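Dear colleague,

Please find below the structure that I am handing over to you, followed by an account of what was found in it.

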Amino acid sequence: MNTKNLYPKSKQFPNHNWLNILLEAESAEQLISKALSRFSIQKKMFIDGVVIVGASHHGEKLVKEMVHCDIQVHKIFDEDPNKHNTRLCEIEIQSLENIKKYRQDIPVILATHRLSGLQKKLQDLGFSNIIPFPILSLW
């Protein structure tokens with residue numbers, strides 16, 4: 001299906017980078033290529049560790065994969081107050097408001113399906129390395 005006819009450039013989604021990448025891709029290979037180049041994922045960016053936003057089952061799977069790959073997960077952040085000050089895979093879960101304490105160039109992996117609003121919020125806080133979890137599966 002050619003999505004260009006359904007959603008011309010003038011109808012693209014502002015502040016929804018993930019949706020725009022899907023619309024612009026004409027094949028699965030092009031989607032993977034565009035997604036990886038847009039998010040500039042390189043192994044060296046994980047040397048100093050990451051933080052994860054989202055303590056759901058996606059967050060748990062992501063933490064386990066990071067640990068398996070010897071990538072340090074500094075903290076997990078979540079908006080659900082019932083999860084604050086608990087642990088997921090031995091890593092403390094804190095309020096998303098506490099993410100402001102981290103340097104803005106640390107990779108922030110979004111382990112949630114609510115990507116667009118959260119990505120904008122983190123960008124407004126000055127974070128520059130924001131990676132939705134589905135992108136990692138392409139890498």
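Predicted model: local features only at pLDDT ≥ 70, side-chain atom pairs only at ≥ 80, totals over all residues.

C89 counts as partly exposed, because its relative accessibility is 32%. This residue sits in the loop that links β3 and β4, and its phi is positive, at about 55 degrees, although it is not a glycine. E90 belongs to the loop between β3 and β4 as well, and here too phi is positive, about 70 degrees, in a residue that is not glycine. With a relative accessible area of 68%, E90 is exposed.

Overall layout

The protein chain contains six helices and six strands. Read from the N terminus, their order is α-α-α-β-α-β-β-β-β-α-β-α. Of the 139 residues in the chain, 40% are buried. Taking the contacts between residues at least 6 apart in sequence, 51% connect residues at least 24 apart.

The sheet

The six strands make up an open sheet with mixed pairing, in the order β3-β4-β2-β1-β5-β6. Which strands stand at the edges? They are β3 and β6 (130–132); each has a single partner strand, so one side of each lacks a neighbour in the sheet. On average, and with direction ignored, neighbouring strands are turned by 35 degrees against each other.

β1 and β2 run parallel and are joined by four bridges. Across this pairing, V51 is opposite K75 in β2, while I52 is opposite I76 in β2. In general, side chains of a regular strand alternate between the two faces of the sheet. In β1, V50 and I52 point one way, V51 and V53 point the other way, and all of these are buried. As for β2, five of its six residues are buried, which leaves the strand mostly covered. The helix α4 lies across β1, β2, β3, β4 and β5, and runs at about 165 degrees to β1.

Nonpolar cores

The largest nonpolar core comprises 15 residues, and V50, I52, L62, M66, V73, I76 and I109 are those with the most contacts inside it. Two or more residues each come from β1 (50–53), α4 (57–68), β2 and β4 (91–95). The greatest contribution is that of α4, with three residues. There is also a second, separate core of 13 residues, which includes V53, L110, L122 and F127.

The aromatic pair

How many aromatic pairs does the structure hold? There is one, formed by F77 and Y102. A pair of aromatic rings is described by the distance of the centres and the angle of the planes. For F77 and Y102 the centres are 5.8 Å apart and the planes make 80 degrees, an edge-to-face arrangement. F77 lies in strand β2, whereas Y102 lies in the loop between β4 and β5 (108–110), so the pair ties together parts 25 residues apart in sequence. F77 is buried, because its relative accessible area is 0%. Y102, by contrast, counts as partly exposed at 22% relative accessibility.

H84 is placed in the loop between β2 (73–78) and β3 (86–88). Is H84 buried or exposed? Its relative accessibility is 19%, and H84 therefore counts as buried; the limit for that class is under 20%. The side chain of H84 reaches two backbone oxygens: that of D78 at 2.7 Å, and that of D80, which is 3.2 Å from a polar atom of the side chain. Apart from neighbours within four places in sequence, H84 contacts D78, E79, I93, Q94 and S95.

With kind regards

Key: Residues numbered from 1 in each chain as written. Heavy atoms only, no water. Buried < 20%, exposed > 50% of the residue type's maximum accessible area, 1.4 Å probe, protein only. Polar contact = N/O pair within 3.5 Å; in protein donor to acceptor, adjacent residues only side chain to side chain. Contact = heavy atoms within 4.5 Å. Core = buried A, V, L, I, M, F, W, Y, C linked by side-chain atoms within 4.5 Å. Phe/Tyr/Trp six-rings, centres within 6.5 Å; stacked < 30°, edge-to-face > 60°. Pairing = 2+ DSSP bridges. Axes fitted to C-alpha atoms, helices over the stretch in contact; angles between N-to-C directions.
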